Structures are given as structure tokens and as C-alpha cells.
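Me: I'd like a close look at one thing only: how the side chains pair up with each other. Can you walk me through it in plain words?

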Amino acid sequence: MFEATKVGRSVSKDDYRDQQETLRTQLLAAQRDLKTANVPLIVLISGVEAAGKGEVVNRLNEWLDARGVQTFAFWNESDEERERPRYWRFWRSLPARGDISILFGGWYQTPIEYRFKGYCTDAELDGELNRIVDFERMLIQDGALVLKFWFHLSEPDQKLRLKELSRDDKSRWKMLPDKSKFSEHYAAFEQVAERVILHTDRGNSPWYLIEAANSRYRDLTVGKTLLHAIHSRLAESVNTEEPTSPLVSPELPSSASAQITLLDQLDLSLSVSRNDYKHELKKLQNEINELAWLAHNQKRSTVLMFEGVDAGGKGGAIRRITNSVDARLYRAIPVAAPTDEEKAHHYLWRFWRHIPRAGFITLYDRSWYGRVLVERVEGFASDAEWRRAYAEINQFEEQLVDRGVILLKFWLHISQDEQLKRFKDREDVPYKRYKITADDWRNREKWPQYKEAVNEMVARTSTKHAAWTLVEGNDKPYARIKVLRTICDALIRELKTEGASTSRYMPCGEKRIDG
């Protein structure tokens with residue numbers, strides 16, 4: 001594979017000088033066009049050691065307007081990164097629409113290093129590469145341009161370059177002597193790199209293999225490739241829409257009994273007496289506080305996510321949790337319409353931002369499921385966007401659980417009659433009036449569409465690692481007790497079952513190596 005990067009290509013000083021100014025002018029214009037078109041650009045920089053990756057990135061920052069470029073180097077993980085799923089650090093570095101992020105190594109760096117060091121098998125590496133392919137596809141379908149450069153040197157050229165760097169006290173190579181191990185086993189590293197590139201070289205995100213022995217050739221090739229890719233992306237009629245079938249779900253017979261949904265099967269008459277409620281509430285609140293501290297001590301984070309019909313009781317259930325848990329252990333995130341900053345990123349970006357550190361709790365009052373609920377029903381997302389969101393959400397949740405996050409998802413449901421009663425109550429009581437909006441009444445008119453969307457959402461996203469809990473909510477005390485009991489049972493199962501915290505799948509790049 002790498003033979004084409006060892007043929008001795010070069011550019012003279014005069015040719016470089018002649019081409020550089022024109023290329024720089026064109027790149028600046030292309031960058032402005034990207035901004036106008038709201039296309040985010042992600043440039044991944046990888047390759048063998050001493051190939052001049054840092055020099056290339058510095059050159060790109062020189063040629064481009066640095067105000068629209070951010071550069072990220074993924075060296076040792078910080079404490080806050082280690083205590084979250086691995087991709088959290090990458091989501092934080094993704095550019096807003098129209099901006100550019102240059103990532104040293106990116107999501108490829110750790111899997112390559114781990115496989116080279118023998119910390120994971122080929123099969124585990126391939127599993128992580130599959131996740132990367134899905135991740136890049138998701139970004140591209142959302143409109144991003146992803147460019148991946150691999151810089152390569154022959155073994156003699158690498159040794160010569162390393163000898164030069166060893167004399168430079170300012171070189172990163174000398175500052176990070178650990179990296180020398182890769183050059184000591186050139187063939188083994190090259191073999192791992194070939195496996196990675198073959199597995200992730202796709203038509204929508206190809207790898208560009210760059211011969212790096214001659215710096216002038218290297219830099220011009222990267223700049224011209226970048227320019228061509230931007231022009232091609234802007235020239236094409238961008239269509240991220242996937243082919244869709246004419247049906248969202250199976251076509252059902254017209255009889256009412258054939259169109260029953262999961263929500264229709266809920267017994268909304270379930271209730272608890274006032275005395276039983278008080279007793280159970282006090283007991284469960286004490287238990288959940290103890291379990292929250294136990295989770296904190298075991299470094300297990302918890303994500304509690306609440307969805308439901310308007311006036312379904314989400315806020316009341318959340319308050320019964322936050323009133324019991326030490327305020328230092330949790331954050332409650334109310335999810336409303338996205339801000340301008342949030343709309344400038346992939347829709348999952350704003351939820352990744354709030355994933356808790358190990359040992360802490362995040363409660364989401366509404367969530368990423370808005371993409372397949374309100375955005376689907378109200379037409380805020382295209383058919384292709386909300387249809388592919390099921391797979392994106394499942395992958396997101398799988399990453400949380402793989403990392404040890406205790407994830408619980410609640411849908412609180414009430415009848416239409418009970419909803420109408422609560423709406424009127426909110427209008428009549430002054431301190432509740434803020435809870436009722438015109439959107440609530442408009443959503444009520446689309447009850448059948450929302451019920452269909454919820455049924456498909458549960459069917460497609462209630463998985464072994466992240467199952468839905470459907471809560472009968474006509475009786476508020478019953479719903480609150482069910483939510484609290486479900487949380488306590490899950491925490492007990494996860495925290496007190498021997499081996500529960502060590503049996504999770506740990507992909508290549510996620511595994512923690514002791515010593």
C-alpha cells in the first residue's frame with residue numbers, strides 16, 4: 001500500500017515559491033466560500049513519526065485565516081476526558097458550520113497505538129474501526145467535509161529525519177521520547193497503519209497518502225488536495241438525503257384493533273394511596289441518595305433521560321429525584337429549542353457536552369429523541385435526517401453504556417382527557433401558567449402522529465443496553481414512585497452485583513491499561 005509514498009517525489013525551491021502564493025490566495029477564497037455555505041471542514045492528520053505533521057499543520061494555519069481554524073492535538077487524556085466516553089473529547093473539537101478543525105491523530109491515534117502496543121487484538125481494532133466509519137458517515141451526512149491525510153516515509157528517510165530532529169532541542173520528537181518506540185519497529189507500525197487505512201478508506205471519506213520526504217512537495221500536495229476537495233464539495237449539489245422507502249413502518253390494516261400501539265397497552269388507571277405514596281417516597285428517596293453516593297465512590301456516572309407527552313409529569317418526577325440527591329452530584333439539563341450555537345453543530349453535539357464525569361449524574365428533561373419526535377412530526381427535520389437518527393442514537397447510547405454509564409430512559413404517558421385537565425389547571429393557577437404555551441395546544445392536535453412516532457421510537461431504540469421504561473402517568477404519585485423504584489433497582493443491579501462494572505465491552509482505544 002505505501003509503495004507510492006516512497007518514490008522520491010520532490011519540488012524545487014523555485015517551483016514551490018511560484019506556486020505557494022497562488023495556492024494561498026485560492027485557499028483563503030475557498031475558506032470564505034466554506035463559511036458562506038455553512039460547511040464544516042474536519043482535517044485529520046496522521047502518519048509515521050517524523051513525517052512533519054506538525055510542520056504541515058503550521059503551514060495550513062499560515063495559509064488560511066487562523067480565526068476560522070482550530071487545531072487540536074490529542075496527547076495524554078486529561079482527568080475530565082478519562083472520566084467520560086472516549087468520543088466526548090472529539091465532539092468538543094468538532095467545528096461549527098463554516099469553520100475548520102485540524103485534528104492531530106483524531107479518533108485514529110489511540111486505536112493505532114493500542115494495537116501496535118498489543119493492548120487489543122485485530123478483532124477489537126476492527127470493532128473500533130467500524131465505530132469510526134459510522135461516526136464519519138454521520139458527520140458527512142450532516143453536511144461536514146472530512147479529509148484524512150496519512151504522511152509516510154521510507155524507513156531510511158525516517159531514520160535520517162529522526163537524526164536531524166534529535167539535534168533540535170525544540171523538536172516535539174525530543175520532547176516526547178516515548179514516541180521513538182514506533183520508529184524502532186517500523187514494519188510492525190506500518191502493518192497496523194495499513195489495516196486501519198484499508199478498513200476506513202471510504203468513498204465519502206478517503207485517505208490521502210502523502211509522501212513526506214520532501215517538505216515542499218508534501219506541503220503543496222496537502223494544500224492543493226485541500227483546495228480541490230473544498231471546490232468539489234461546494235460545486236456539487238449537496239444531497240445528504242438517503243434513499244427512503246415509501247413507508248415509515250409496516251402498512252397496517254384500517255381497523256382500530258390492528259393499529260394498537262405500545263402506549264395503548266399501558267394501564268393508566270394504576271394508582272397508589274396517599275399513605276402508601278408518602279411511605280414509599282421517603283424510603284426510595286433515602287435509598288436513591290445512598291446509591292448516588294455509592295455510584296460516586298465507584299466512579300460510575302448516571303444519565304437519566306425523561307421524555308413524555310406535554311404535562312405528562314416529567315418535571316414532578318425529576319424534582320423528586322433532585323430533592324433526594326446531594327446537589328453536588330447532579331446537573332439537570334432542560335432541553336428546549338436549540339440555540340444558534342447548537343444549530344451550528346450536529347444535533348447530538350449539545351447532548352455530548354453534558355455527559356457527566358465519572359461518579360456524577362446528568363438528568364435530561366427532554367433529550368436527543370426530539371429528532372424522532374417533535375422534529376419529525378413538526379417537519380423540523382427532513383425524512384432522511386430523522387430516519388437515520390435511530391441508528392445514530394443507538395450508537396450514541398451504546399458508547400455511553402460501553403464506558404460504564406448507567407443509562408435510564410423514561411417515557412411518561414397520560415391519556416388525552418388527563419392532559420386536557422392538566423392544561424386547564426395550568427391556565428387557571430397563576431404560578432403554573434408559565435408551563436402552558438401555544439405549542440402545547442398545537443401538539444395536542446397532533447396526538448395520533450405523536451403516538452405513532454413514539455411507538456416507532458421505542459421499537460427502534462429500546463435495546464438490551466438502553467431499554468425504555470414506559471410510565472403510566474395519570475396518577476402522579478404512582479408515576480413518581482415507579483420512576484424512583486426503577487432508578488434504585490438499576491443502581492443496585494449495576495453497583496452491587498459482583499463483576500457488573502468490569503464485564504462491559506471495552507473497544508480498542510477505550511481500554512485502560514494499568515502500570
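Reply: Start with F423, which is buried at 0% relative accessibility (buried is under 20%, exposed over 50%, partly exposed in between, with a 1.4 Å probe and protein chains only). W441 has 28% relative accessibility and so counts as partly exposed.

Before we go on, this is a predicted model, where local features need pLDDT of at least 70 and side-chain atom pairs pLDDT 80 or more, while totals for chains, interfaces and linings use all residues. Numbering runs from 1 along each chain as its sequence is written, and side-chain values use heavy atoms, leaving out hydrogens and water.

Now the rings. There are 25 aromatic pairs in the structure (Phe, Tyr or Trp rings, the six-membered one for Trp, with centres within 6.5 Å; planes under 30 degrees apart are stacked, over 60 edge-to-face, the rest tilted). One of them joins F306 and F410: this pair is stacked, with 5.1 Å between the centres and 15° between the planes. F306 belongs to strand β6 (residues 302–308) and F410 to strand β9 (residues 406–413), so the pair ties together parts 104 residues apart in sequence (helices, H or I of at least four residues, and strands, E of at least two, are DSSP runs numbered from the N terminus). F306 and F410 are both buried.

Back to F423 and W441: their ring centres are 5.0 Å apart and their planes sit at 70°, so this pair is edge-to-face. F423 is in helix α18 (residues 416–428) and W441 in helix α19 (residues 438–444), so the pair ties together parts 18 residues apart in sequence.

Charges come next. The whole structure has 44 salt bridges (a side-chain nitrogen of Lys or Arg within 4 Å of a carboxyl oxygen of Asp or Glu). In one of them, D310 meets R366 at 2.9 Å, N to O. That pair links distant parts of the chain: D310 is in the loop between β6 and α13 (314–322), while R366 is in the loop between β8 (361–365) and α16 (374–377), 56 residues away. D310 is buried, with 14% relative accessible area, but R366 is partly exposed at 25%.

Another bridge joins E456 and R376, with 3.0 Å from N to O. Here E456 sits in helix α20 (residues 447–461) and R376 in helix α16, so to speak 80 residues down the chain from each other, and again distant parts get linked. E456 is buried at 6% relative accessible area, and R376 is buried at 13%.

K409 and E397 also meet in a salt bridge, at 3.0 Å from N to O. K409 is in strand β9 and E397 in helix α17 (residues 383–402), so this bridge ties together parts 12 residues apart in sequence. Both K409 and E397 are buried.

Leaving aside residues up to four places away in sequence, W368 touches V303, M305, Y347, L348, F351, I393, F396 and E397 (a contact means heavy atoms within 4.5 Å).
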